[in-house]
Amino acid sequence: MGRHAMPEQTADVALRLDGVCKTFRSGVTGRGPRVNALSGIDLTVRSGTVHALLGPNGAGKTTTVRAVATLMRPDSGSVVVDGVDALAEPDRVREMIGVSGQYAAVDGNLTGFENLRMVAQLYGHRRRAAAKRARAMIADLRLTDAADRPMRTYSGGMRRRLDLAGALINEPSLVILDEPTTGLDPRGRRQMWEVITEQVAAGTTVLLTTQYLEEADALADEITVIDRGTVRARGTAAELKATTAQSILTIEVAGDGDDARVGAALAEVGLGAPHRVDSRTWSVAVTDGSRSAVAAVRVCDGLGIDVVDATVSTPTLDDVFLEITGRAESSTASGPDGNGDDENGDDEGPTATPDRGTERLERV
Ligand SMILES: Nc1ncnc2c1ncn2[C@@H]1O[C@H](COP(=O)(O)OP(=O)(O)OP(=O)(O)O)[C@@H](O)[C@H]1O
């Protein structure tokens, strides 16, 4: 999409992918069957937000971020960063983005400060301006105490934060964080989350890939779940959770509930057969959370059943993820071009075609 095509709608869009496709030749010789790494990825990241790309191994996360980082040219589709077409003007886009994972290894013998200053100088800042920027980033990423120590003495978490500082130093329109906390302990992960959150509050836009559902839940304003090169679902964590049928409504009735009547009441508002937990408690899967609870209480009231308590347990993002990717697994067919895409050994099955469940999830 061109920079001026739809100014009102694109003004707050930092990144847009439309129909991005990529196939690779598999096998050591590169002559094996084609692997559909990306089969038409659409993605919109709003400025000033964190967008998480979530997916299992081999889903296509890295291939997607490589396309955005101009490290890989898609076979078809478009990638537009802040109004600039990444396929037409990759050099310009490279100046607009920061990519994590590229800076921390600059030189372990240099201090954190010296490393960052060097990165800023590589971006064209004069030495004094580069030093000022490096000091500011070090403070922002909570590395002040370690700033003048050789980087090789840094912990894993400190290296990641220095790496993030390198990705941020040129004030990019978009920062790509490819699995920023993989391998960190819980404390390191939490610190990383805090600094990412602070940077986003200050206006940075982040495209994040992660396999940690907890991370997407904690950081992301929006989540796109991809699997086998296809978008399976998208929305906020809350919206995604709301799409699963796995909320459980539990009601407790006074006295010894009349089995048949309570069961019938719950069957009216829930999905599938209600389950009797104990003599006074029943549960049923629902889609509509608290509304289903209210409806159940009303139905019970109408039948003269005294409801003591009604609770709804919402699904976790893990439930959503497993449902989405599990469904893809069980509804598999040949890929769009008829090729299986598991030649490389890290996919367990062939490409799934969109199914009814996907349509439902896509509506979120
Ligand atoms: N250069 C390549 N040559 C052949 N196949 C590739 C190449 N790069 C990626 N693939 C394949 O494309 C698919 C998507 O890979 P990708 O690395 O994007 O997945 P991912 O979601 O990042 O996975 P992970 O979480 O394991 O890093 C996989 O089947 C992968 O094996």
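Start at the ligand: of the 16 residues around it, select Phe24, Ala37, Lys61, Thr62 and Thr63, which come nearest (a residue is near a molecule if its C-beta atom, placed from the backbone, lies within 6 Å of it). Before you go on, note that this is a predicted model, where local features need pLDDT of at least 70, side-chain atom pairs count only at pLDDT 80 or more, and totals for chains, interfaces and linings use all residues. Residues are numbered from 1 along each chain as its sequence is written.

Now show the whole shell around the ligand: four residues are nonpolar, nine polar and three charged (Asp, Glu, Lys and Arg count as charged; Ala, Val, Leu, Ile, Met, Phe, Trp, Tyr, Cys and Pro as nonpolar; the others, Gly among them, as polar). Helix α2 gives the largest share of this shell, three residues. Helices (H or I, at least four residues) and strands (E, at least two) are DSSP runs, numbered from the N terminus.

Zoom in on β6 and β7 (residues 174–178), which pair in the parallel sense over three bridges. Here Ile97 has Leu174 as its bridge partner in β7.

Finally, zoom out and colour domain 1 (7–240) and domain 2 (247–313), with bounds from an automatic or database domain assignment. Their C-alpha centres lie 46 Å apart.

Terms used. Two strands pair if DSSP finds at least two bridges between them.
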